[in-house]
Amino acid sequence: MYEPHDAHRPPGAHAAAPGTSDAPESWPGDAVSWRNRAFLLFDRLPVPVAICDPHGRVLMANPAMAAQWGELPARLRGRSVMDIFRISGPGQLHPIVDAVRRGRRSRYPVEVSWSTPTGAERYGELTVDLLGDTPASPPVLLLHLRVRGERAAPSPPTGSATGTAGATAASEAELRILALLAGGATTARVAGEVGLTVDGVNYHVGRMSRRWGVPNRAALVAHAYVTGLLAPGVWPPAPAG
C-alpha cells in the first residue's frame, strides 16, 4: 500500500501508529543527561546565583553564591533571603510581593549588602527573576548577584590578639579544605569529603589563594600553618581549636 512521503521523516522511517508517540525510546535517559548537565553548569557559573521558592527561601545556591559567606551551598538551603542579605529599603520588595501574588513574570533589581567571613561589608545589586510555566503556577525566584564593592572591616585596636586572626579568617568549609589538602588529599577526595563538586573546591582554593596572595596549594597550606589556621603537631591535619 502506498504510504505518502513525509519530508520531515528520514528515509526508511515509518510513521508512528495512531495513539503512539514519535519520541525515541531513549528520551528518559536524554532528559536525565540534560538535567545533570544543567546542574553541572549551575555549579560552574562564576556568577553568584540562587533559586528560591515564592517565599524567598533558598532551594539551591551555587558555590559562587555560598562563597560570599564562606559557606557550602547546602548550608544556604532553607534559609531566607532576608536573613542573608540586608535590603536597603523595604519598599524595594513591594513590587516583587505584588508580582508573586498576581502571577506576573518579570525582573526586579534590589540593592543589597551583606557581611563576609572576614567582617568586611559588601554591597551590590540582586536581580530577581520570577519564573514559572503558567501564571497560575507558583513561581520560583532566580537570584543573580552582582557585587559592586566592599567596605573594609573596622581595624582592631593595636596589639589586639584578633588582628592577625581577622586578616587570615577562614570559613568552616575553607578550614576543612585546607586540612584535607595538608593531608595530601586529591581535589576529587576533598570534594567528596566536603560535599562540593571538583569545580567548587577549585573555586574555594583559588579564592583563598587570591585573598592571601599565595601562588600555589603548597604555599596555601604553609600559610595556613604559619597563621595558625591549622593546628601544629597534629596528624591527620586539623583546623586549629
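Modeller: Let us begin with a definition: helices are DSSP runs of at least four residues marked H or I, strands are runs of at least two marked E, and both are numbered from the N terminus. The model before us is predicted. In these terms the protein has ten helices and six strands. Just after helix H7, Gly184 adopts a positive phi of about 90°.

Biologist: How many residues does the protein have, and what percentage of them count as buried?

Modeller: The protein has 241 residues, and 36% of them count as buried. The accessible surface comes to about 14300 Å², with 59% of that area belonging to carbon and sulfur atoms. Among contacts with a separation of 6 or more, 49% involve residues 24 or more positions apart.

Biologist: What is the order of the strands in the sheet?

Modeller: Strands of a sheet pair through backbone hydrogen bonds, in either a parallel or an antiparallel manner. Here six strands form an open sheet in the order E2-E1-E6-E5-E4-E3, and the pairing is antiparallel. Its edge strands are E2 (58–61) and E3, each of which pairs on one side only.

Biologist: Which residues stand opposite one another in these pairs?

Modeller: Strand E1 (residues 49–52) pairs with E2 over three bridges, and Ala50 has Ala61 of E2 as its bridge partner.

Biologist: What lies between E4 and E5?

Modeller: The two strands form a hairpin with five residues between them, and Gly119 there has a positive phi near 95°. Thr116 belongs to the loop between E4 and E5 as well.

Biologist: Is Thr116 buried or exposed?

Modeller: A residue counts as buried when its relative accessible area is under 20%. Thr116 has 8% and is therefore buried. Beyond its neighbours within four places in sequence, Thr116 is in contact with Gln68 and Arg122. The C-alpha atom of Thr116 is 9.6 Å from that of Ser171, a residue 55 positions away along the chain. Ser171 sits in the loop between helix H6 (162–167) and helix H7 (172–182); its relative accessibility is 6%, so Ser171 is also buried.

Biologist: At what angle do H8 and H9 pack?

Modeller: Two packed helices are described by the angle between their axes and the distance between the axes. H8 (residues 187–194) and H9 (residues 198–212) pack at about 100°, and their axes are 8 Å apart. An angle from 65 to 115 degrees counts as roughly perpendicular, so H8 and H9 are roughly perpendicular to each other. H8 contributes Thr187, Ala188, Val190 and Ala191 to the contact, while H9 contributes Val198, Val201 and Asn202. These residues divide into five nonpolar and two polar, with no charged residue.

Methods:
Residues are numbered from 1 along each chain as its sequence is written. This is a predicted model: local features need pLDDT of at least 70, side-chain atom pairs count only at pLDDT 80 or more; totals for chains, interfaces and linings use all residues. Side-chain values use heavy atoms; hydrogens and water are left out. Buried means under 20% relative accessible area, exposed over 50%, partly exposed in between (1.4 Å probe, protein chains only). Contact means heavy atoms within 4.5 Å. Accessible areas come from the Shrake-Rupley method with a 1.4 Å probe; for residues, only the protein chains shown count as cover. Two strands pair if DSSP finds at least two bridges between them. Axes are lines fitted to C-alpha atoms, for helices over the stretch in contact, and angles run from 0 to 180 degrees between N-to-C directions. Angles under 35 degrees count as roughly parallel, over 145 as roughly antiparallel, 65 to 115 as roughly perpendicular and the rest as oblique. Ala, Val, Leu, Ile, Met, Phe, Trp, Tyr, Cys and Pro count as nonpolar, Asp, Glu, Lys and Arg as charged, and the others, Gly among them, as polar.
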